[in-house]
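Try each task before reading its solution.

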Amino acid sequence: RKTAPSAEDIRARKGKTPIVSLTAYTTPMARLMDAHCDFVLVGDSVGMVLHGLPSTLGVTMEMMILHGQAVARGLQLAMMVIDMPFGSYEEGPQQAFRNAARLMAETGAGAVKLEGGVEMADTIRFLVARGIPVMAHIGLTPQSVNTLGGYKVQGRDKQAATVMADARAVADAGAFSVVLEKVPQSLADQITAEVVIPTIGIGASAGCDGQILVVDDMLGFFTAFKAKFVKRYADLGAEAEAAIATYAAEVRTRAFPAAEHVFADQSPNKSAKT
Ligand code: KIV
Ligand code: NA
């Protein structure tokens, strides 16, 4: 993994060409995006996208480590960032360090991401001072869905100052970049102009220093709901279901397996691939 960018390489992209990123949870998906992404996020969205959980709150350290290890096996070129799950860092800097160190040691991730702004600044500072690059995540922070009262746009009207303060706080604390989720476009542009670290938008603005999407959303695999900020670049869920339906019909009519899928009594001669 010598060629993968470091957190400092990502930080240095501020104001340059857009930073490309997606989430991944498995080795094959990581392989598909490795050459196209600057960093790949092992997001705690894995809980909703792959495990059928109702929110990200039930995601555990063990789940993150298992998926992180899988993703790491599929990456050569892209940096890997891993989410700290709900409950693994909020108690304070020392709990956060213990769990962040474990995530990095056991998966090989180059950085962790955690949710929160002003209230997480001390924790970010503590981690960065001890060798753990931190990506911050502000605006809509899904682990706080129960106190936010839903997955709403954050930072409209008077709330804009709060989100701006969060952006400044995480940048001052030493985060190497910050995800802006579901904030008004003009606020995202203002934050991008003001803070010295790259902003990674999701439901934010094309003016951000980079973009991220949940891979299963953009490929059309996760269709339980579609956020406004998701663009479906493919409809693979529908394609997969059609393939499964065809298989089911062919099994029921005995059209599958066909002659080319079954084996003869005699072993094949050397030239034939049967
Ligand atoms: O878990 C996740 O997928 C994320 C991205 C949407 C930023 O945190
Ligand atoms: Na996340």
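Two residues are in contact if their C-beta atoms, placed from the backbone, lie within 7 Å. This is a predicted model: local features need pLDDT of at least 70, side-chain atom pairs count only at pLDDT 80 or more, and totals for chains, interfaces and linings use all residues. Residues are numbered from 1 along each chain as its sequence is written, and chains are lettered from A and ligands numbered from 1 in the order in which they are written.

**Exercise 1.** Find the residues in contact with Val178, leaving aside neighbours within four places in sequence.

*Solution.* Start at Val178 and look for its partners: Met135, Ala136, Ile138, Ala167, Val170, Ala171, Val195, Ile197, Thr199 and Ile200.

**Exercise 2.** Locate the "binding site" residues that UniProt lists, and decide whether Asp44 is buried or exposed.

*Solution.* First, the unreviewed UniProt entry gives Asp44, Asp83 and Glu115 (such annotations may be inferred rather than shown by experiment). These residues spread over 72 residues of sequence, yet they cluster in space, with a largest C-alpha distance of 10.9 Å.

Next, take Asp44. Asp44 counts as buried because 29 other C-beta atoms lie within 10 Å (the cut-off for buried is 20 or more; exposed is 12 or fewer, and partly exposed is in between). Beyond its sequence neighbours within four places, Asp44 is in contact with Thr56, Val59, Met64, Asp83 and Pro85.

**Exercise 3.** Which residues is Glu115 in contact with, leaving aside neighbours within four places in sequence?

*Solution.* Glu115 is buried too, with 24 other C-beta atoms within 10 Å. Its partners are His137, Thr141, Gln143 and Ser144.
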